[in-house]
Amino acid sequence: MAREFEISRIIQFIRRDITLSRGGIITSMLVAGILLFLLCLVNMAWDKKLSSDEFLGSFALCFFPLGILYTFAICREFHNPKLNHAYLSLPISNYERVVGKWLNGYLLYTLVFSFLSVSVGLFAMIVGISILGADFTITSFFSWDYWKVIGLYFFIQSTFMVGALSFAKNRIGKTLLVLGVLFIGFLLFNFISFGILNHDFGIFTGESSGSEAFDRASQDFSLIGKWFYGLIFGPLMLLVAYLKMTEKEV
């Protein structure tokens, strides 16, 4: 087992995963490209233009599901009894595996899908102008909302990678179930904590002071909450993924 961190091993590791999944990747990208093209045409048929919001909505509709499926695909060897022994015997350390999976499932996938989406979007605009009589509009494909979508995918991808490494069967369904339970748990925790800390304001009585306290708390602690949950579902999930790989190796 290799112990030193080497970027060359990570590159070879990513190349290996892409080579093994080449057929599925090409098919999935083609299907996503066709779906994105059709969604763009539908949006142009509706109002004769393709706005940034319309394109971004179509982009996100294809981007998230395909990214989740790709994350599960590149982690499938961990649970294959015929392949996992040879897979875990590769001369690469577990933290290099985590970095490789993250670079492949997040960074590389985002770059490739973004390039595909821009190409499809431009082609759809040409077709829409020629066939549907749509207006020529300069669409900003990389707006601030685009970076919000990419940032959100960072947390989603890390979380689903843990699910892909944790469950051997029904991985997507079990991951969604756990996330649903966690969401309800965090929601109740936040609601109860807020009620306990602000009971003197009459939170549950409908008084104006209670509403004011809620508004102020939302403004004052929204950034803290984002950082708190961001750390849980971002870097912490990558740490959990590393521990899952170590556990599987043992």
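How many salt bridges does the count come to? Keep that in mind as you read these notes on the model, which is a predicted one.

1. **The overall layout.** Let's start with the big picture. Of its 250 residues, 39% count as buried. Among contacts with a separation of 6 or more, 78% are between residues 24 or more positions apart.2. **The salt bridges.** Back to the opening question: the count comes to three salt bridges. One of the bridges brings together the side chains of arginine 9 and glutamate 96, at 3.0 Å from N to O. Arginine 9 lies in helix H1 (residues 7-20) and glutamate 96 in helix H5, so this pair ties together parts that are 87 residues apart in sequence. Both arginine 9 and glutamate 96 are buried.

2. Now look at aspartate 17. Its side chain meets that of arginine 16 in a salt bridge of 3.5 Å, N to O. Aspartate 17 also forms a salt bridge with lysine 101, where the closest N and O atoms are 2.8 Å apart. This second pair links distant parts of the chain, with aspartate 17 in helix H1 and lysine 101 in helix H5, 84 residues apart. Because the bridges share partners, Arg16, Asp17 and Lys101 are joined into one network. Are these three residues buried or partly exposed? Aspartate 17 is buried at 3% relative accessibility, and lysine 101 is buried at 0%, whereas arginine 16 is partly exposed at 25%.

3. In soluble globular proteins, nonpolar side chains tend to be buried together. Here the largest nonpolar core has 46 residues, and Phe59, Phe63, Cys75, Tyr109, Phe113, Val149 and Leu165 touch the most other members. Helix H2 (22-47), H3, helix H5 (94-132), H6 and helix H9 (235-249) each supply at least two residues of this core. Which helix gives the largest share? That is H3, with 12 residues. To see the packing for yourself, find phenylalanine 113: leaving aside residues up to four places away in sequence, it touches Met29, Ala32, Phe59, Cys62, Phe63 and Leu66.

4. **Aromatic pairs.** A search of the whole structure finds 20 aromatic pairs. One of them joins phenylalanine 64 and tyrosine 153, a tilted pair at 6.2 Å centre to centre with 55° between the planes. Phenylalanine 64 sits in helix H3 (residues 52-74) and tyrosine 153 in helix H6 (residues 144-166), so the pair links parts of the chain that are 89 residues apart. Phenylalanine 64 counts as buried at 16% relative accessibility, and tyrosine 153 counts as buried at 1%. Another pair, tyrosine 146 with tryptophan 147, is edge-to-face: 5.0 Å centre to centre, 75° between the planes. Tyrosine 146 is buried at 5%, while tryptophan 147 is partly exposed at 47%.

5. **The surface.** The accessible surface of the protein comes to about 14700 Å², and 72% of it belongs to carbon and sulfur atoms. Phe183, Ile184, Leu187, Leu188, Phe191 and Ile192 make a nonpolar surface patch of about 640 Å². Leucine 188 from this patch is found in helix H7 (residues 171-197), and it is partly exposed, with a relative accessible area of 47%.

Note on methods: Residues are numbered from 1 along each chain as its sequence is written. This is a predicted model: local features need pLDDT of at least 70, side-chain atom pairs count only at pLDDT 80 or more; totals for chains, interfaces and linings use all residues. Side-chain values use heavy atoms; hydrogens and water are left out. Rings of Phe, Tyr and Trp (its six-membered ring) pair if their centres lie within 6.5 Å; planes under 30 degrees apart count as stacked, over 60 as edge-to-face and the rest as tilted. Helices (H or I, at least four residues) and strands (E, at least two) are DSSP runs, numbered from the N terminus. Buried means under 20% relative accessible area, exposed over 50%, partly exposed in between (1.4 Å probe, protein chains only). A nonpolar core is a set of buried Ala, Val, Leu, Ile, Met, Phe, Trp, Tyr and Cys residues joined through side-chain atoms within 4.5 Å. Contact means heavy atoms within 4.5 Å. Accessible areas come from the Shrake-Rupley method with a 1.4 Å probe; for residues, only the protein chains shown count as cover. Patches are made of residues with over 30% relative accessible area and no salt bridge: like charges are joined within 9 Å, nonpolar side chains (Val, Leu, Ile, Met, Phe, Trp, Tyr) within 5 Å. A salt bridge is a side-chain nitrogen of Lys or Arg within 4 Å of a carboxyl oxygen of Asp or Glu.
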